[in-house]
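Visitor: I would like to learn how to read aromatic contacts in a model. Please show me the structure and take me through them.

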Amino acid sequence: MAVVVLDTDVISGLVKKNLPASLNAKLVGHQLITTFVSAGELERWVVQRDLGARRRAEIERWVAGPLITGGRDIARKWGEIMAYAENRGRPRPVNDSWIAACCLVQDVPLATLNTGHFGDFAEHEGLKIITP
């Protein structure tokens with residue numbers, strides 16, 4: 001079973017039950033995991049938003065599940081890809097860059113709805129992305 005990392009927006013779509021069917025179909029049969037970055041973003045949502053019990057429980061399932069955590073290799077990769085993007089004149093959002101670094105170091109694809117933030121990493125760094 002291949003591992004696929006889920007971006008925060010994909011987890012949100014799963015929790016809200018509004019993920020595009022075409023992306024949902026591409027995730028079937030894979031081990032779905034996330035990163036420490038998305039876990040933090042999800043924890044923030046729980047505090048900031050008035051979520052119902054079902055959504056809070058769904059978010060907790062993702063936060064408690066398998067995570068790619070940081071470390072020296074991911075920190076190094078993050079620094080590199082941030083610098084390369086800035087040198088290309090295409091600075092990237094910090095959190096999305098951490099997610100990309102996690103995927104690149106672990107050599108796993110990222111399922112995302114946000115190709116605008118990750119497309120540059122796919123083109124220049126070899127990030128594999130799965131989109132609808």
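This is a predicted model: local features need pLDDT of at least 70, side-chain atom pairs count only at pLDDT 80 or more; totals for chains, interfaces and linings use all residues.

Visitor: Why is the pair of F36 and W98 edge-to-face?

Guide: Planes over 60 degrees apart count as edge-to-face. The planes of F36 and W98 stand at 70°, so this pair is edge-to-face. The pair links distant parts of the chain: F36 belongs to helix 3 (residues 36-48) and W98 to helix 6 (residues 94-106), 62 residues apart.

Visitor: Which pair is stacked?

Guide: Stacked is the word for planes under 30 degrees apart. W78 and W98 are stacked, with 5° between the planes and 4.6 Å from centre to centre. W78 is in helix 5 (residues 72-87) and W98 in helix 6, so the pair ties together parts 20 residues apart in sequence. W78 has a relative accessible area of 21% and is partly exposed.

Visitor: Which residues form one aromatic cluster?

Guide: The cluster consists of F36, W78 and W98.

Visitor: Where does the charged end of R61 sit?

Guide: A charge can sit over a ring if it is within 6 Å of the ring centre and within 35 degrees of the ring normal. The charged end of R61 is over the ring of W62, 4.7 Å from the centre. R49 lies over the face of W45, 4.4 Å from the ring centre.

Conventions
Residues are numbered from 1 along each chain as its sequence is written. Side-chain values use heavy atoms; hydrogens and water are left out. Rings of Phe, Tyr and Trp (its six-membered ring) pair if their centres lie within 6.5 Å; planes under 30 degrees apart count as stacked, over 60 as edge-to-face and the rest as tilted. Helices (H or I, at least four residues) and strands (E, at least two) are DSSP runs, numbered from the N terminus. Buried means under 20% relative accessible area, exposed over 50%, partly exposed in between (1.4 Å probe, protein chains only).
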